[in-house]
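Trainee: I've got a new protein to look at. Can you walk me through it?

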Amino acid sequence: MLTLKQIGTRLLQRVPLSNYPYKPFMHKHKCIFIHIPKNAGSSVLALFNDTGGRKHAKYYDFYEANDYFYQQYHKFAIIREPFNRLYSAYKYAASGGNQSIMDVTLQQTIDKRCSDFEGFINNVLCYDFVMQQPLFLPQYLYIFDRQLNCSIDSILTYENLVEDWHNLAMKLTLPTKLPWKNPSKQSAMPRLAESALEKVKEIYHFDYQLLDYVEPIYETS
């Protein structure tokens with residue numbers, strides 16, 4: 001006779017519910033995509049024809065929602081050089097984001113305190129700010145546990161995304177060509193004073209340490 005736990009496990013196997021933060025495509029392909037903001041996540045969602053909106057859930061949100069699926073599915077995320085990700089997030093926030101109440105409020109906060117990226121770093125960016133704003137939250141918090149152990153199976157890099165995605169797609173039997181959505185529109189990264197760079201590296205020091213980025217990599221397009 002089956003125990004209640006065994007019955008529950010079999011039900012989970014037969015009825016893959018798609019409650020938050022899981023999405024239908026994750027059950028279909030037996031994978032979990034940890035969507036870190038400003039890291040080409042919209043391209044991944046487009047590939048899976050997902051129109052359910054962006055859900056920037058962390059690894060433990062998936063685990064707590066359904067640990068069975070979490071253990072069974074292949075978990076992956078895309079990371080990005082912290083300075084370039086910060087600049088992309090700043091440009092998005094300074095333009096009003098998706099024009100939601102929260103994004104417009106953030107835009108107004110930035111407009112009141114600075115007029116450019118370096119001013120944003122000097123006058124707005126701080127530990128409290130990045131911890132309160134999901135758009136600027138350090139990347140490691142999405143995929144590392146409290147002991148600073150990586151909690152997912154595959155990490156793809158924004159800088160080498162075409163090759164990294166192809167390798168993952170071959171492994172998981174997914175489409176190998178990733179559509180490019182919402183590419184950065186800036187023509188060049190701004191050159192900053194050394195003090196501003198050091199502040200970024202200090203605030204995002206775990207991203208640099210755990211994600212193996214040593215120095216800021218200036219994107220050219």
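**Rings, pockets and loops**

Trainee: Are tyrosine 90 and phenylalanine 117 buried or exposed?

Mentor: Tyrosine 90 and phenylalanine 117 are both buried. Buried means under 20% relative accessible area, exposed means over 50%, and partly exposed is in between (1.4 Å probe, protein chains only). Keep in mind that this is a predicted model: local features need pLDDT of at least 70, side-chain atom pairs count only at pLDDT 80 or more, and totals for chains, interfaces and linings use all residues. Residues are numbered from 1 along each chain as its sequence is written, and side-chain values use heavy atoms, with hydrogens and water left out.

Trainee: How many aromatic pairs are there?

Mentor: The count is 19 aromatic pairs. Rings of Phe, Tyr and Trp (its six-membered ring) pair if their centres lie within 6.5 Å; planes under 30 degrees apart are stacked, over 60 edge-to-face, and the rest tilted.

Trainee: Why is the pair of tyrosine 90 and phenylalanine 117 called tilted?

Mentor: Their planes are at 40 degrees, so the pair is tilted, and the ring centres are 5.3 Å apart. This pair links distant parts of the chain, 27 residues apart. Tyrosine 90 is in helix α6 (residues 82-94) and phenylalanine 117 in helix α8 (residues 117-123). Helices (H or I, at least four residues) and strands (E, at least two) are DSSP runs, numbered from the N terminus.

Trainee: And what about phenylalanine 120 and phenylalanine 136?

Mentor: Those planes are at 35 degrees, so that pair is tilted too, with ring centres 5.4 Å apart. The two are 16 residues apart: phenylalanine 120 is in helix α8, phenylalanine 136 in the loop between α9 (127-132) and α10 (140-143). Phenylalanine 120 has 0% relative accessibility, so it counts as buried. Phenylalanine 136 has 1%, so it counts as buried.

Trainee: Which residues do ring pairs link into a cluster?

Mentor: The cluster holds Phe83, Tyr87, Tyr90, Phe117, Phe120, Phe129 and Phe136.

Trainee: Which charge lies over the face of tyrosine 158?

Mentor: Arginine 80 does, at 3.9 Å from the ring centre. Lysine 58 lies over the face of tyrosine 142, at 5.1 Å from the ring centre. The rule: NZ of Lys or CZ of Arg is within 6 Å of the ring centre and within 35 degrees of the ring normal.

Trainee: New topic. What is the volume of the largest cavity?

Mentor: About 60 Å³. The structure holds 1 cavity of 30 Å³ or more. On a 1 Å grid over the protein atoms alone, a cavity is a set of points where a 1.4 Å probe fits but cannot get out. A pocket is an open set with protein on both sides within 12 Å along at least five of seven lines, and lining residues have an atom within 4 Å of a point. Grid points are joined across faces, edges and corners, and a volume is the space filled by probe spheres set on the points.

Trainee: What lines the largest cavity?

Mentor: Pro21, Lys23, Phe25, Met26, Phe33, His35, Leu45, Lys55 and Phe62. That lining divides into 6 nonpolar, 1 polar and 2 charged residues. Ala, Val, Leu, Ile, Met, Phe, Trp, Tyr, Cys and Pro are nonpolar; Asp, Glu, Lys and Arg are charged; the others, Gly among them, are polar.

Trainee: What joins tyrosine 20 and proline 21?

Mentor: A cis peptide bond, with omega about 0 degrees. Proline 21 is in the loop between α1 (4-14) and α2 (24-29).

Trainee: And the second largest pocket, what is its volume?

Mentor: About 210 Å³. Its lining includes Lys58, Tyr59, Glu64, Tyr140 and Arg146. Two or more residues come from each of α4 (59-65) and α10. α4 gives the most, with 3 residues. By class, the lining has 5 nonpolar, 1 polar and 4 charged residues.

Trainee: Where is serine 151, and what does it touch?

Mentor: Serine 151 is in the loop between α10 and β3 (154-157). Not counting residues up to four places away in sequence, serine 151 touches Tyr59, Tyr70, Lys75, Ile143, Phe144 and Asp145. Contact means heavy atoms within 4.5 Å.

Trainee: Last one. What is the phi of alanine 40?

Mentor: Near 70 degrees, a positive value in a residue other than glycine. Alanine 40 has a relative accessible area of 12%, so it is buried. Asparagine 49 is not a glycine either, and its phi is positive, about 55 degrees. Asparagine 49 has a relative accessible area of 66%, so it is exposed.
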